[in-house]
Amino acid sequence: MDGRVALVTGAARRVGASIVRTLHAAGYRIALHYRQSAAEAAALAQALNAQRPASVATFAADLLDTAALPGLVEAAATVWGRLDLLVNNASSFYATPVGQATEAHWDDLVGSNLKAPFFLSQAAAPWLRAHEGCIVNIVDLHAGRPMDEHPIYCATKAGLASLTRSLARELAPEVRVNGIAPGAILWPEHPIDAGERERILGRVPLGRAGSPADIARTLLFLVQYAPYVTGQIIAVDGGRTTGV
């Protein structure tokens with residue numbers, strides 16, 4: 001993978017940062033996107049550039065600004081003159097119970113979780129075609145198993161799953177497009193009590209939460225070891241989708 005370039009959105013923290021570290025260790029150069037996590041992005045880039053000079057560049061952008069998305073892709077691709085992988089990882093997540101949801105909630109969740117991945121993919125497609133590249137979308141277990149009080153979020157992730165399959169057809173044969181549907185990998189940043197965690201893990205056959213590395217390694221498999229796989233969404237959920 002030496003010399004290949006990946007643009008990873010929402011890459012400064014959590015799962016995104018793990019994806020960046022894994023791809024970088026595999027030889028990728030990284031265009032690291034962030035919105036507000038400037039300090040975390042800079043620290044991660046500095047650490048990885050210390051390992052391999054000039055291998056990571058950071059890019060700040062609000063993915064809700066659709067008009068700016070082609071410029072983000074162009075800027076990321078022109079650093080090293082190519083783009084081989086787009087990882088649509090950035091996502092917004094919060095409850096929107098029926099009766100309390102607003103149009104602003106709708107626009108924010110649809111914009112970050114579905115609209116931005118489409119327009120980033122559209123802008124990246126010519127670059128990816130040139131090198132038979134890949135797109136990987138980070139979907140969600142709840143795209144197919146709606147979660148209480150999160151109807152808009154779940155709908156956006158269901159849309160992203162459908163978009164993954166559609167793009168796989170549209171961009172073939174030069175570009176492969178796949179998705180990963182995480183289950184209980186990282187707990188939400190808002191407080192969640194021990195009872196709720198126990199209830200969630202009680203539905204996971206493996207009986208434990210996963211880690212961001214589980215997502216990152218699955219992504220590396222898709223881009224490096226699965227040249228005949230496209231249009232697929234791999235559940236990384238400890239077996240959660242085998243039950244109710």
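Leaving aside neighbours within four places in sequence, Asn88 is in contact with Thr9, Pro117, Leu120, Ser121, Ile135, Val136, Asn137 and Ile138. Contact here means heavy atoms within 4.5 Å. The model is predicted: local features need pLDDT of at least 70, side-chain atom pairs count only at pLDDT 80 or more, and totals for chains, interfaces and linings use all residues. Residues are numbered from 1 along each chain as its sequence is written, and side-chain values use heavy atoms, with hydrogens and water left out.

Asn88 sits in strand 4, residues 85-88. Strands (E, at least two residues) and helices (H or I, at least four) are DSSP runs, numbered from the N terminus. Asn88 has a relative accessible area of 3%, so this residue is buried. The classes are buried (under 20% relative accessible area), exposed (over 50%) and partly exposed (in between), with a 1.4 Å probe and protein chains only.

Two residues from the contact list also make polar contacts with Asn88. The side chains of Asn88 and Ser121 are joined by one of 3.4 Å. Another, of 2.8 Å, joins the side chains of Asn88 and Asn137. A polar contact is a pair of N or O atoms within 3.5 Å; within protein, one must be able to donate a hydrogen and the other to accept it, and residues adjacent in sequence count only if both atoms are side-chain atoms.

Next come the aromatic rings. A search of the whole structure finds two aromatic pairs. Rings of Phe, Tyr and Trp (its six-membered ring) pair if their centres lie within 6.5 Å; planes under 30 degrees apart count as stacked, over 60 as edge-to-face and the rest as tilted.

| Pair | Centre distance | Plane angle | Type |
|---|---|---|---|
| Phe93 and Tyr153 | 4.8 Å | 85° | edge-to-face |
| Phe118 and Phe119 | 5.0 Å | 85° | edge-to-face |

The pair of Phe93 and Tyr153 links distant parts of the chain, 60 residues apart. Phe93 is in the loop between strand 4 and helix 4 (103-130), and Tyr153 is in helix 5 (residues 151-171). Phe93 has 32% relative accessibility, so Phe93 counts as partly exposed. Tyr153, at 4%, counts as buried. In the other pair, Phe118 is partly exposed at 29%. Phe119 is partly exposed too, at 30%.

Last, Glu198. Glu198 lies in helix 6, residues 194-201. Its relative accessible area is 62%, so Glu198 is exposed. Arg208 is ten residues from Glu198 along the chain, and their C-alpha atoms are separated by 9.4 Å.
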